Structures are given as structure tokens and as C-alpha cells.
Amino acid sequence: MRIGVLCSGGDSPGMNAAIRGATLRGVDVHGFEMVGFVDGWRGFHEGETVELDRPAVRGLSGQGGVFIGTSRVPPFDGGPGEADLTDFRARFADYGLDAFMLIGGNGTQRVSSILHDSGIPVVGLPKTIDNDLDGTDYTFGFDTAVSIATEAIDRLRTTGDSHRRCMVLEVMGRDAGWIALHAGMAGGAQAILVPEFPESIDQVCDWVTSVRDRGRSSLVVVAEGFALAGNGSQVTRDGRDGFGRLRLGGVAESLAPVIEERTGIETRATVLGHVQRGGAPTAFDRVLATRTGIAGADAALHEDWGTMAALRGDRIEMIPFADAVGRLKTVPDDRYAEVRLNFG
Ligand SMILES: Nc1ncnc2c1ncn2[C@@H]1O[C@H](COP(=O)(O)OP(=O)(O)O)[C@@H](O)[C@H]1O
Ligand SMILES: O=P(O)(O)OC[C@H]1O[C@](O)(COP(=O)(O)O)[C@@H](O)[C@@H]1O
Ligand SMILES: [Mg+2]
């Protein structure tokens, strides 16, 4: 069996470990041929490939990023219509492929599902630092991002306390506030602002003021996709990503002066940005990613097509794409309520 492997969407710490796990199991144990497409669908369109075998994945488990690259280049020119899919199938056959292993988040697994429905054998490996992919408890990369954001909170707290300032930390999370929620809990933030639960500026300022009134300095964590209640909208930067979506970022910088003006407390903003996606994965993410890759290779052996390697409790289970795509896994009411009671 010849399997094409590619990554799509933002990189996520653990992608290398997942490819290594899949290759060691797929090539060495099951006797597959595996080929990686460089920079996601760009490599597929332009014929840039790398053979995956034991030497190619040596020492990768602890390395950040992904050595074959990733991108948001789309798989099809169009919708896809039947003509797009016919062209796609012809290209798939030209490469001598029997199946795809697609590593990505909600968008990529939506593509996996489309390809599977059009008759192309696919297994999916879930990744995203945002942890917003449904059907799986955690995606690799999330734990690393949370660890980095937590360290940032710890560091901001000592300087913020020293100057009696309010520190606002912006973390990633386009549609879901999982990184903000977990890092905020781990770092004891005084307020956590997530896209799922808009809060008014009056409420945010009340929390910051009450923290000052009991002699402490506030640490506010805000997810990039947060918008103020009422007529607030997400804060965007110039430009769009490779999928045409507006780039998010800057909500901390827009909140900080308003908090300062309304509370009289000096307030500073920090945008963590891509630091939280870079560097070595945590041990948890290395193990999760490796097991995810192994499960994907085993699924290919059993021709368990149309499935994604999901973490369920402490087990990796192959679940149908339909259980993972079409909706996002967002922070539920009870998880937000349990932290909100102690804000301020
Ligand atoms: N519904 C869709 N139809 C066709 N291509 C899609 C669709 N959704 C996503 N894609 C492609 O998959 C890529 C990866 O999705 P994206 O949401 O950017 O990352 P992730 O897979 O990490 O969620 C997109 O940039 C786009 O090229
Ligand atoms: O700057 P980039 O690479 O476009 O990515 C920014 C986005 O990627 C993420 O880090 C991860 O999103 P995906 O999992 O959908 O790729 C988001 O939190 C963020 O909005
Ligand atoms: Mg996505």
C-alpha cells in the first residue's frame, strides 16, 4: 500500500512525532510505502514530495514545527464540483497512491470527509493547538500551547505585581477559548475572556477594580477571538490567511487602554502570538501524537477508511469523520461558569 501523508492548517507541536509514529508503524511494521507532500496541498499540486522511511523520521519526536511543512493552500480550485474531484482523483492515481493520511484540524478533516465521500480512501490524524476539533478529548499541540501560555502568565504576574499594574495577555483561539481557559486556570488569572462568552467592558473593569481593592494586581487572559458583549466585534489585523479568513489579533491592545482609562489602573498588553505554537512539544503531546500516528497506520492496514484517530479517555479510537466535522468543540457553559465564579 502506498500512502500519501500531508499536513494542512496551522502547525501544531507534535506533528513531527505523529509522522514518525505513523512511519515507524506503517513502513517498518506493515510494509507500506509512505510519501509526504511538502507544504500541504502545495506539494500535491506541484509534485514536491519526500519519501518517508525510518531514516527520514529519525529523532523527530521532540522537534517542533513539521519537517514536511504545512500550509492553507486549498486542495481544489473550486467548490469542489464533480470536475474538481475527477481532476483530483486523476492526480491521486498519477502518484500511485492507495490512500491519504491527512493531518489537520477541523478544516482539514472536513476535506478528509469530502475526499472519503468521493471514493478516496482517507484516514485523519487530528491536530490543533486550539483544541476545538470535535470527537476527540484533546489534540496534540494544545498541551504545549497551554504550557507556554502558563509560563507567560507566571512571568507577567511578577512584573505586573511589582508595578501594581493590570496585565492583559492575549493567547490564540479563533473560535474556542480552550487555551485561555486552561492557561488562565493554571496561572490563577483574575479574569479569562473567551469567544464563547462575551462580557461587557463594565464587567471586566469591575473585576479589575475589585482585585485592586483587595490589594492585588490583575492578570487578565483573553483569547484572540473574544469580542465584548453588546456591539463588540472581533479585533482583526490587516490581511487574510491562506483560506481567506480575516487575521485575528490585537484584542489585548484594544482592551488595555480602555481598562486603564476606566479604572485608573495602569494596564499593559502582551500578545503571545506564534510563540505558543513554536518549539518542542511537551512529553504529553509527543506521546499523544506518536500514538495518533500509530493508530492511523493501523487503521490503514485494516482499511478502516473515513475515520479519524480520536483520543477518548486514555485510548485512541478511530471515529467516523461525521463525528468530528461540521461543528466545533467550544468551551461549554459549565467549564466557563466554574472559573467565572472566582473572577475579580
Ligand atoms: N469546506 C472546505 N472545503 C474545501 N477546503 C477546505 C474546507 N475547509 C477547509 N479547507 C481547506 O483546508 C485547509 C485547512 O483548514 P484550516 O481551517 O485552515 O486549518 P485546520 O485544518 O487546522 O482547521 C484550509 O486552509 C482550506 O484550504
Ligand atoms: O497566523 P496563522 O498561521 O494564520 O494562524 C493563526 C491561527 O492558527 C491557530 O493557531 C490554529 O488554528 P488551526 O488549528 O485552525 O490551524 C489559531 O489559533 C489562529 O487563529
Ligand atoms: Mg481550522
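Residues are called buried when their relative accessible area is under 20%, exposed when it is over 50% and partly exposed in between, as computed with a 1.4 Å probe and the protein chains only. The structure is a predicted model, in which local features need pLDDT of at least 70 and side-chain atom pairs count only at pLDDT 80 or more, whereas totals for chains, interfaces and linings use all residues. Residues are numbered from 1 along each chain as its sequence is written, chains are lettered from A and ligands numbered from 1 in the order in which they are written, and side-chain values use heavy atoms, with hydrogens and water left out.

Asp39, which has a positive phi near 60 degrees although it is a residue other than glycine, lies in the loop between strand 2 (33-37) and helix 2, where helices (H or I, at least four residues) and strands (E, at least two) are DSSP runs numbered from the N terminus. With a relative accessible area of 25%, Asp39 is partly exposed. Arg164, also other than glycine, has a positive phi near 55 degrees and is found in the loop between helix 5 and strand 6 (166-171); its relative accessible area is 64%, so Arg164 is exposed.

Aromatic contacts were considered next. Rings of Phe, Tyr and Trp (its six-membered ring) were paired if their centres lie within 6.5 Å, with planes under 30 degrees apart counted as stacked, over 60 as edge-to-face and the rest as tilted. By this rule the count comes to 16 aromatic pairs. Trp41 and Phe88 form an edge-to-face pair, because their ring centres are 5.6 Å apart and their planes stand at 65 degrees. This pair links distant parts of the chain, with Trp41 in helix 2 (residues 41-46) and Phe88 in helix 3 (residues 82-94), 47 residues apart, and both residues are buried. The pair of Phe92 and Phe100 is tilted, at 5.3 Å centre to centre and 50 degrees between the planes, and Phe92 and Phe100 are likewise buried.

Ligand 1 is surrounded by 17 residues, of which the closest are Arg72, Gly105, Asn106, Thr108 and Lys127, a residue being near a molecule if one of its heavy atoms lies within 4 Å of it. Polar contacts are pairs of N or O atoms within 3.5 Å. Oxygen atoms of ligand 1 are approached by a polar side-chain atom of Arg72 at 3.0 Å, by a polar backbone atom of Gly105 at 2.9 Å and by a side-chain N or O atom of Arg245 at 3.0 Å.

Asp130 is located in the loop between strand 5 (122-126) and helix 5 (142-163), and is buried, with a relative accessible area of 12%. An unreviewed UniProt entry places the feature "active site" at Asp130, although such annotations may be inferred rather than shown by experiment.

Note on methods
A polar contact is a pair of N or O atoms within 3.5 Å; within protein, one must be able to donate a hydrogen and the other to accept it, and residues adjacent in sequence count only if both atoms are side-chain atoms.
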